Amino acid sequence: MAGAGGGGCPAGNDFQWCFSQVKGAVDEDVAEADIISTVEFNYSGDLLATGDKGGRVVIFQREQENKIRPHSRGEYNVYSTFQSHEPEFDYLKSLEIEEKINKIRWLPQQNAAHFLLSTNDKTIKLWKISERDKRAEGYNLKDEDGRLRDPFRITALRVPILKPMDLMVEASPRRIFANAHTYHINSISVNSDHETYLSADDLRINLWHLEITDRSFNIVDIKPANMEELTEVITAAEFHPHQCNVLVYSSSKGTVRLCDMRSSALCDRHSKFFEEPEDPSSRSFFSEIISSISDVKFSHSGRYMMTRDYLSVKVWDLNMESRPVETHQVHEYLRSKLCSLYENDCIFDKFECCWNGSDSAVMTGSYNNFFRMFDRSTRRDVTLEASRESSKPRASLKPRKVCAGGKRKKDEISVDSLDFNKKILHTAWHPVDNVIAVAATNNLYIFQDKAN
Amino acid sequence: MSQKLEEENPAEETGEEKQDTQEKEGILPERAEEAKLKAKYPSLGQKPGGSDFLMKRLQKGQKYFDSGDYNMAKAKMKNKQLPSAGPDKNLVTGDHIPTPQDLPQRKSSLVTSKLLGKVD
């Protein structure tokens, strides 16, 4: 993947990202329900799922490259869509339950059908997505249009034959895992044993078996006996990609705890505690808020994990708890804007982060529809933008630059001109190829590396 | 606000230098921002991460409706209208009792996602 030489587009790393597709409405008026709330590739990368605030799931499938349309280059087209969750009202607690899909996680494929878990604040559902491309014709008891035949008129028996039909993709809910969370679910994670998964809310983490819906085990509980003593909440949790007994969870205080389920049934006592020491002289009113971790992700190798706090992305070696091995600044220029970001609540935005397939690069979103990529080996980074302006087919993305100081160079954008309503909270990287999906409010952008 | 040279965009530095200088630069702008916030809201407590703040976070989505209150109010004011919600329907204050009219309309499940694009 050699970087392009001239052409005026010095890529921050060896990638040369080009626009591939954009999905969603163009109009300025964004309907609340259309806001994308989660994006996730499946294990092969052939399927890309999105969830939105309206409780809907849309799955795209990568087109097989063929000679007829050589330029389609693995485009993603709609494969299936369904209403996963509906709005509910808990009358007992006077609680409105949003239908917004907080997370989608795919199960590894074991047969022809695809399975995914989708969750809102309270309920997790297992969906089966299956294809049907044949139908039976020549039934004995009913006509072709489905009407029952008069039994007296049936004089002979025949064997129905299977005929091809237009592909139909059906989604059906196979399991509903409900009533296990008092607080709002922020994470779900499938175990490497492919039989169990965890769901985490603000104060508790539960372990489920995929086949059993009426029972779940509580494995982490940080609720204090007296709620007045509450100092931190769980913000994200994930199972280790290979070690089925290991999980991590992050907190609003900027710490990560690694738990081993073999040590005890209730993992309140962590096995490892990851926290970067803070310089006490630099502490401010904002310190704790901006240290809150919004996402934690293991590397594919399982050796590292990445955390995202408000201003940075940190890579940790699981063997070293004292400090991260890498810190990447996402938008350090916002440090001098924290007052207004607190007033408009942007300081509480929860950005996600992701690894590329080989763990050599990481990506996360920012404001103004910018997203950032960090190459871990070359230590170079780049800021790119998801916008309709740079959405010509296969057009290279131009690196962006934000100017925090006085003198703004041409092509730079000043911090005060940034649109804080255009936030990229959710991004996903194909597990193998250099294809990325970026959710910009109600639009889904897909970018590919030129070398693909 | 004093603008020192150090506060210029740290992103222009290379990756290695970032971590050192940003720690030094981080103190000044963050404290300045804190001072601005305290000036605007003098009653703001010292600890933003305290239990009050977290409790609010845990209670997201709470809407209070008491059917007893609602029916009593309806009985009392047979001729008059119930005090209705102001522009912000989510805020429950004073005599306002949430009524079924105030609840957000349940969206139709038949609306398809715009990510599907134009259907031919």
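In chain A, strands β8 and β9 (residues 114–119) run antiparallel and are joined by 4 bridges. Strands here, like helices, are DSSP runs numbered from the N terminus (E, at least two residues, for strands; H or I, at least four, for helices), and two strands count as paired if DSSP finds at least two bridges between them.

Before going on, a word on the source: this is a predicted model, in which local features need pLDDT of at least 70 and side-chain atom pairs count only at pLDDT 80 or more, while totals for chains, interfaces and linings use all residues. Residues are numbered from 1 along each chain as its sequence is written, chains are lettered from A and ligands numbered from 1 in the order in which they are written, and side-chain values use heavy atoms, with hydrogens and water left out.

**Two open sheets in chain A**

The β8–β9 pair belongs to an open, antiparallel sheet of 4 strands in the order β8-β9-β10-β11 (chain A). Its edges are β8 (103–106) and β11 (161–177) of chain A, each pairing on one side only. From one strand to the next, the twist averages 25°; the axes behind that angle are lines fitted to C-alpha atoms (for helices over the stretch in contact), with angles running from 0 to 180 degrees between N-to-C directions.

Another open sheet of 4 strands has the order β2-β3-β4-β5 (chain A), again with antiparallel pairing. Here β2 (36–41) and β5 (76–83) of chain A are the edge strands, each with pairing on one side only. Neighbouring strands in this sheet are turned by 20° against each other on average, direction ignored. Inside the sheet, β3 (residues 47–52) and β4 (residues 56–62) of chain A run antiparallel and share 5 bridges, with A:T50 standing opposite A:V58 in β4(A).

What does A:K100 touch? This lysine is found in the loop between β7 (95–97) and β8 of chain A. Leaving aside residues up to four places away in sequence, A:K100 touches A:S37, A:D52, A:K53, A:G55, A:T119, A:N120 and A:D121, where contact means heavy atoms within 4.5 Å. A:S37 is 63 residues from A:K100 in sequence, yet their C-alpha atoms are 7.2 Å apart in space. A:K100 counts as partly exposed, at 22% relative accessibility; the scale calls a residue buried under 20% relative accessible area, exposed over 50% and partly exposed in between (1.4 Å probe, protein chains only).

**An enclosed strand and its hairpins**

Strand β17 (residues 246–251) of chain A has 6 of its 6 residues buried, so it is largely enclosed by the rest of the structure. Both of its faces are covered: A:V246, A:V248 and A:S250 are buried on one side, A:L247, A:Y249 and A:S251 on the other. In a regular strand, side chains alternate between the two faces of the sheet.

| Hairpin | Bridges, antiparallel | Residues between strands | Facing residues |
|---|---|---|---|
| β16(A) (residues 234–239) and β17(A) | 5 bridges | 6 residues | A:E238 and A:V248 |
| β17(A) and β18(A) (residues 256–260) | 5 bridges | 4 residues | A:S250 and A:V256 |

In the turn between β17(A) and β18(A), A:G254 has a positive phi of about 85°.

**Rings and charges**

Over all chains, a search of the whole structure turns up 20 aromatic pairs. Rings of Phe, Tyr and Trp (its six-membered ring) pair if their centres lie within 6.5 Å, with planes under 30 degrees apart called stacked, over 60 edge-to-face and the rest tilted. One of them is edge-to-face: A:W17 and A:W429, 5.6 Å centre to centre with 75° between the planes. This pair links distant parts of the chain, with A:W17 in β1 (residues 17–23) and A:W429 in β30 (residues 426–429) of chain A, 412 residues apart. A:W17 is buried at 4% relative accessible area, and A:W429 is buried at 6%. Elsewhere, A:F19, A:F371, A:Y445 and A:F447 make up one aromatic cluster.

Charges over rings turn up too (NZ of Lys or CZ of Arg within 6 Å of the ring centre and within 35 degrees of the ring normal). A:K142 lies over the face of A:Y139, 4.5 Å from the ring centre, and the charged end of A:R376 sits over the ring of A:Y304, 4.7 Å from its centre.

The model scores ipTM 0.75 and pTM 0.85. Chain B has a mean pLDDT of 63, with 37% of its residues at 70 or more; pLDDT is the predictor's confidence in each residue, from 0 to 100. Within chain B, confidence is lowest in helix α1 (residues 15–40), at a mean of 67, and highest in helix α2 (residues 51–58), at 76. Over residues 1–26 of chain B, pLDDT stays under 50, and the model has 36 contacts beyond four places in sequence for this stretch. Where pLDDT is low, the predicted coordinates should not be read in detail.
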